[in-house]
Amino acid sequence: ATLKQVGAFWKTRNSEVASKSCGQSFKGAAALLEAGGDKDKQMAAMKMIGGGCKGCHDAHRVKISDTENEIK
């Protein structure tokens with residue numbers, strides 16, 4: 001549900017980076033559902049999700065304090 005909200009948020013801003021990142025995170029989430037109890041598959045899926053999040057955060061987030069970030 002959160003990824004759908006994030007995807008909708010960035011769709012209105014026409015960000016190619018965010019669209020690609022959300023797509024990677026969606027694929028990772030689907031892979032995580034399919035992984036079942038397989039720890040290796042779970043870890044690979046989590047890396048996909050994290051990589052998608054990181055790509056967007058690196059491009060669209062600026063640190064304003066130790067505890068706060070702002071969308072750029």
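These notes go through a predicted model of one protein chain, point by point.

1. Overall layout. The protein chain has three helices and two strands. Read from the N terminus, the order is α-α-α-β-β. Its C-alpha atoms fill a box of roughly 40 × 30 × 20 Å along the principal axes.

2. The protein chain has 72 residues, and buried ones make up 18% of them. Take the contacts between residues at least 6 apart in sequence: 39% of these join residues at least 24 apart.

3. Helix α3, dimensions. Helix α3 covers residues 39-60, which is 22 residues. From first C-alpha to last it reaches 31 Å. That is close to the 32 Å expected at 1.5 Å a residue.

4. Helix α3, buried side. Which residues of α3 are buried? They are Ala 45, Ile 49, Gly 52, Cys 56 and His 60. Viewed down the helix axis, these buried residues fall within an arc of 55 degrees, so they line one face of α3. What do they pack against? The partners are α1 (2-11), α2 (16-35), β1 (61-63) and β2 (69-71).

5. Helix α3, the other side. The face turned away from the buried side of α3 carries exposed residues. These are Lys 39, Asp 40, Met 43 and Lys 47.

6. Helix α3, start. Here a side chain meets the backbone. A side-chain oxygen of Asp 38 comes to within 3.0 Å of the backbone nitrogen of Asp 40.

7. Ser 25. This residue sits in helix α2. Is Ser 25 buried or exposed? Its relative accessible area is 2%, under the 20% cut-off, so Ser 25 counts as buried. Neighbours within four places in sequence aside, Ser 25 contacts Leu 3, Met 48, Ile 49, Gly 52 and Cys 53. Of these contacts, Ile 49 and Gly 52 are among the buried residues of α3.

8. Ala 18. Helix α2 also holds Ala 18. Ala 18 is buried because its relative accessibility is 0%. With neighbours within four places in sequence left aside, Ala 18 is in contact with Trp 10, Cys 56 and His 60. Cys 56 and His 60 are listed among the buried residues of α3. Ala 18 can also be placed relative to Val 6: they are 12 residues apart in sequence, and their C-alpha atoms are 8.9 Å apart.

9. Aromatic pair. How many aromatic pairs are there? The count is one. The rings of Phe 9 and Trp 10 have centres 5.0 Å apart and planes at 90 degrees, so the pair is edge-to-face. The cut-off for that label is over 60 degrees.

10. Burial within the pair. Trp 10 has a relative accessible area of 9% and is buried. Phe 9, at 30%, is partly exposed. Trp 10 is also one of the contacts of Ala 18.

11. Charge over a ring. Arg 13 lies over the face of the Phe 9 ring, at 3.6 Å from the ring centre.

12. Asn 14. The loop between α1 and α2 contains Asn 14. Its phi is near 50 degrees, a positive value in a residue other than glycine. Is Asn 14 buried or exposed? Asn 14 has a relative accessible area of 70%, over the 50% cut-off, so Asn 14 counts as exposed.

Terms used. Residues are numbered from 1 along each chain as its sequence is written. This is a predicted model: local features need pLDDT of at least 70, side-chain atom pairs count only at pLDDT 80 or more; totals for chains, interfaces and linings use all residues. Side-chain values use heavy atoms; hydrogens and water are left out. Rings of Phe, Tyr and Trp (its six-membered ring) pair if their centres lie within 6.5 Å; planes under 30 degrees apart count as stacked, over 60 as edge-to-face and the rest as tilted. Buried means under 20% relative accessible area, exposed over 50%, partly exposed in between (1.4 Å probe, protein chains only). A charge sits over a ring if NZ of Lys or CZ of Arg is within 6 Å of the ring centre and within 35 degrees of the ring normal. Helices (H or I, at least four residues) and strands (E, at least two) are DSSP runs, numbered from the N terminus. The expected span of a helix is 1.5 Å times one less than its number of residues. The arc is that of the directions from the helix axis to the C-beta atoms. Contact means heavy atoms within 4.5 Å. A polar contact is a pair of N or O atoms within 3.5 Å; within protein, one must be able to donate a hydrogen and the other to accept it, and residues adjacent in sequence count only if both atoms are side-chain atoms.
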